[in-house]
Amino acid sequence: QVQLVESGGGLVQAGDSLRLSCAASGRTFSSNAMGWFRQAPGKEREFVAGIFWTDGYPVYAHSVEGRFTISGDNAKNTVYLQMNSLKSEDTAVYYCAARVGFGNIIDPSAYKYWGQGTQVTVSS
């Protein structure tokens with residue numbers, strides 16, 4: 001099994017920055033991918049960013065392209081999401097997830113393990 005723990009969420013004002021962390025433990029995977037997803041009340045869970053462990057190649061949702069940066073540290077089994085220029089529409093619970101197998105990196109169903117989520121609230 002894999003356990004994922006997110007941290008770094010909080011309440012900020014529009015234009016501010018936050019850095020989310022996701023620490024993985026247990027049976028981690030080195031030839032796969034990690035992803036960040038978010039879900040606002042009444043909305044579906046949506047893909048935010050993903051990263052392939054093999055080469056560190058990032059994938060971003062258009063809504064966060066240029067503002068968010070995903071990165072990973074294999075030695076620490078940790079992935080990060082640097083969020084800059086935050087907007088009120090970024091408000092959501094942010095989840096990290098570990099992909100098992102090789103499904104589409106933007107598809108939530110491709111991920112087997114999920115963290116508990118961390119709340120990000122951006123006020124305008």
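Is Ser-85 buried, partly exposed or exposed? At 41% relative accessibility, Ser-85 counts as partly exposed. The cut-offs are these: buried means under 20% relative accessible area, exposed means over 50%, and partly exposed lies in between, with a 1.4 Å probe and protein chains only.

Before I go on, the ground rules. This is a predicted model, in which local features need pLDDT of at least 70 and side-chain atom pairs count only at pLDDT 80 or more, while totals for chains, interfaces and linings use all residues. Residues are numbered from 1 along each chain as its sequence is written, and side-chain values use heavy atoms, with hydrogens and water left out.

Now the chain as a whole. The protein chain has zero helices and 11 strands. Both are DSSP runs numbered from the N terminus: helices are H or I with at least four residues, strands are E with at least two. The C-alpha atoms fill a box of roughly 40 × 30 × 25 Å along the principal axes. For 124 residues, a compact globule would have a radius of gyration near 14 Å, and the protein chain agrees with 13 Å. That radius is taken over C-alpha atoms, and the globule rule is 2.2 Å times the number of residues to the power 0.38.

Of the 124 residues, 42% count as buried. Among contacts with a separation of 6 or more, 56% come from residues 24 or more positions apart. Contact here means heavy atoms within 4.5 Å.

Four strands form an open sheet in the order 1-3-8-7, with antiparallel pairing. Strand 1 (2–7) and strand 7 (68–73) stand at the edges with a single partner strand each, so one side of each has no neighbour in the sheet. From one strand to the next, the twist averages 15°. For that angle, axes are lines fitted to C-alpha atoms, for helices over the stretch in contact, and angles run from 0 to 180 degrees between N-to-C directions.

Two strands pair if DSSP finds at least two bridges between them. Strand 3 (residues 18–26) and strand 8 (residues 78–83) run antiparallel and are joined by six bridges. Strand 7 and strand 8 also pair in the antiparallel sense, over six bridges. In that pairing, Thr-69 has Gln-82 of strand 8 as its bridge partner.

Which residue in the hairpin of strand 7 and strand 8 takes a positive phi? That residue is Asn-77, with phi near 50°, in a hairpin that has four residues between the strands. Asn-77 counts as partly exposed at 29% relative accessibility. Back to Ser-85, which is in the loop between strand 8 and strand 9. Ser-85 has a positive phi of about 50° although it is not a glycine.

On to the disulfide. The structure holds one, where a disulfide is a pair of cysteine sulfur atoms within 2.5 Å. Cys-22 and Cys-96 form it, with their sulfur atoms 1.9 Å apart. The pair links distant parts of the chain, Cys-22 in strand 3 and Cys-96 in strand 9 (residues 92–99), 74 residues apart. The link is right-handed, with 60° about the S-S bond. Cys-22 counts as buried at 1% relative accessibility, and Cys-96 counts as buried at 0%. Cys-22 also has a place in the sheet, with Val-79 of strand 8 as its bridge partner.

Then there is Arg-38, in strand 4 (residues 33–39). Is this arginine buried or exposed? Arg-38 counts as buried because its relative accessibility is 5%. Its side chain makes a polar contact of 2.7 Å with the side chain of Glu-46 and one of 2.9 Å with the side chain of Asp-90. A polar contact is a pair of N or O atoms within 3.5 Å; within protein, one must be able to donate a hydrogen and the other to accept it, and residues adjacent in sequence count only if both atoms are side-chain atoms. Leaving aside neighbours within four places in sequence, the contacts of Arg-38 include Val-48, Phe-68, Ala-92 and Tyr-94.

Last, a glycine. Gly-66 is in the loop between strand 6 (58–60) and strand 7, and counts as exposed at 73% relative accessibility. Gly-66 and Gly-103 are 37 residues apart in sequence and 25 Å apart in space, C-alpha to C-alpha.
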